[in-house]
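Good morning, and thank you for joining this group meeting. Please look with me at the structure on the screen, and at the ligand in particular.

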Amino acid sequence: MPTKFDSTLPANKTTRVALLGFGTVGSSVAQLLRAQKFPGVELTHIYNRNIDRKRTGDTASKLSPSILWTEKIDDILNNPNIDVVIETIGGLSPMEQWLKTALTAGKHVVTANKQLIAYKGAALVKLARQHNAALVYNAAVAGGVPVIPAVLHGLQGDTVRRIAGILNGTCNFILSGMEAGEDYHDMLETAQAAGYAEADPSADVDGYDARAKLCILARTAMQIGLDPDEIPTATIKTVRLVDFHYARELNCTVRQIAQVSVDGTHVRARVGPTLVPNTSPIAWSHGTQNLVMTTGEFGGDVVFSGHGAGGNPTAVAVVSDLLAVAHGSASVSLPVKQRPVTGEVMAPWYLRFVVQDKPGIISAISGSLARVGANIDSILQRPGYPKDALPFVVTTEPCLTSTIEAAVAAIAKMPTMLEQPLCLQMLTDEDKSA
Ligand code: HSE
């Protein structure tokens with residue numbers, strides 16, 4: 001049975017709020033609370049390291065002088081007058097312990113921390129329930145796109161079989177920039193300067209951020225618990241401009257796709273760069289947009305889209321959670337079943353090779369593909385590339401991940417291969433493979 005959080009906050013009482021973290025998201029939350037002046041909600045405390053530096057900034061100087069700034073977390077965790085703790089710092093440690101302390105004290109917690117919820121969500125939800133506290137984390141997935149409340153409230157009546165989409169704004173910003181001919185490193189630097197990227201950009205570009213969000217979505221929309229570390233995850237760093245040129249010839253583009261599906265007893269999940277048909281709504285996401293597509297057994301496909309990164313969009317999600325808590329309407333979890341994951345999907349594949357050109361390469365590659373039973377669909381070689389580092393592409397008809405990986409492993413050993421072949425799943429318009 002779904003359980004609903006039963007708020008203990010009396011309707012006429014002011015909800016006193018402490019904010020942990022005054023970075024990109026935290027400062028936007030404070031600014032939004034100041035600008036919108038929600039009745040009955042008061043920001044009373046801000047915790048950050050080095051508050052002297054933080055307090056002199058533009059946003060901070062406009063906040064109410066009655067806010068207490070502190071570098072001591074105990075000022076917040078041990079303060080019985082604080083009703084809600086908003087966490088925008090991120091990371092597993094020490095945040096797990098801090099939020100446990102807050103929940104145990106009966107404080108409600110609003111967090112944007114996807115790694116913590118992906119890895120420790122089940123235990124934290126249980127703790128929250130034991131102490132009649134709310135734990136809400138809509139801002140942890142897709143920034144300003146309210147996909148978690150939408151699936152919790154709007155899709156409970158369906159059985160969601162598949163989720164696929166773009167869950168990392170930084171990767172989408174980089175890849176849609178590369179689609180327009182921009183350099184990978186320039187795009188990453190711009191994302192970092194704008195505050196979209198995680199502190200460690202590896203979390204974005206290597207897929208760990210999207211993978212954590214995928215686990216949270218699987219939990220809320222499909223009621224399955226997944227171990228993030230079990231999900232095959234590939235970096236976007238291996239994608240080059242040449243891949244966008246070849247993708248265009250296939251009427252596709254490249255995006256970081258996170259996907260999970262359930263068929264029978266199998267949970268299939270993957271995160272990584274993927275060829276997406278230009279006819280799919282997923283391909284139309286540019287910049288920091290996120291896009292989540294759910295496929296329900298009864299209701300079919302539903303698409304959610306909007307800004308997935310950045311201070312203000314994420315702050316809207318955080319503040320909406322805060323208001324839900326203050327109004328006693330923050331819903332909690334459905335029963336979740338822990339499930340093992342496989343990355344095995346039946347799909348067509350895009351293989352890009354870079355070779356020292358000489359006769360017989362295509363024949364050797366097609367031999368390796370034939371030996372595992374993979375059927376070539378097309379071979380693309382644009383003129384004009386240097387013969388001593390020639391990039392060309394082979395696409396295959398649908399076959400299993402393990403099949404294509406066996407062929408690629410054999411092909412990678414060919415002496416003419418100058419680098420590890422790039423192997424990308426190709427989504428199709430009717431894709432239900434993941
Ligand atoms: N770094 C994340 C992204 C934003 O680029 O999507 C916060 O989840």
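**The surroundings of the ligand**

The shell around the ligand is made up of two nonpolar, four polar and five charged residues. Please bear in mind that we are looking at a predicted model.

Which residues surround the ligand? They are Lys114, Asn168, Gly169, Thr170, Tyr196, Glu198, Asp204, Asp209, Lys213, Gly308 and Ala309.

Let us now consider individual contacts. The side chain of threonine 170 has an N or O atom 2.6 Å from an oxygen atom of the ligand. Aspartate 204 places a polar side-chain atom 2.8 Å from a nitrogen atom of the ligand. In the case of lysine 213, a polar side-chain atom is 2.8 Å from an oxygen atom of the ligand.

How much of the ligand does the protein bury? On its own, the ligand exposes 260 Å², and 91% of that is buried by the protein.

I turn next to the location. The ligand is found in the largest pocket. Two or more residues of the shell around the ligand come from each of the elements α8 (169-179) and α11 (208-222).

Finally, let us step back to the domains. According to the domain assignment, the protein has domain 1 (15-140), domain 2 (147-307) and domain 3 (346-426). What distance separates the centres of domain 1 and domain 3? Taken over C-alpha atoms, these centres are 50 Å apart.

Thank you for your attention.

Key
Residues are numbered from 1 along each chain as its sequence is written. This is a predicted model: local features need pLDDT of at least 70, side-chain atom pairs count only at pLDDT 80 or more; totals for chains, interfaces and linings use all residues. Side-chain values use heavy atoms; hydrogens and water are left out. A residue is near a molecule or strand if one of its heavy atoms lies within 4 Å of it. A polar contact is a pair of N or O atoms within 3.5 Å; within protein, one must be able to donate a hydrogen and the other to accept it, and residues adjacent in sequence count only if both atoms are side-chain atoms. Accessible areas come from the Shrake-Rupley method with a 1.4 Å probe; for residues, only the protein chains shown count as cover. On a 1 Å grid over the protein atoms alone, a cavity is a set of points where a 1.4 Å probe fits but cannot get out, and a pocket is an open set with protein on both sides within 12 Å along at least five of seven lines; lining residues have an atom within 4 Å of a point. A molecule sits in a cavity or pocket if more than half of its atoms lie within 2 Å of its grid points. Helices (H or I, at least four residues) and strands (E, at least two) are DSSP runs, numbered from the N terminus. Ala, Val, Leu, Ile, Met, Phe, Trp, Tyr, Cys and Pro count as nonpolar, Asp, Glu, Lys and Arg as charged, and the others, Gly among them, as polar. Domain bounds come from an automatic or database domain assignment.
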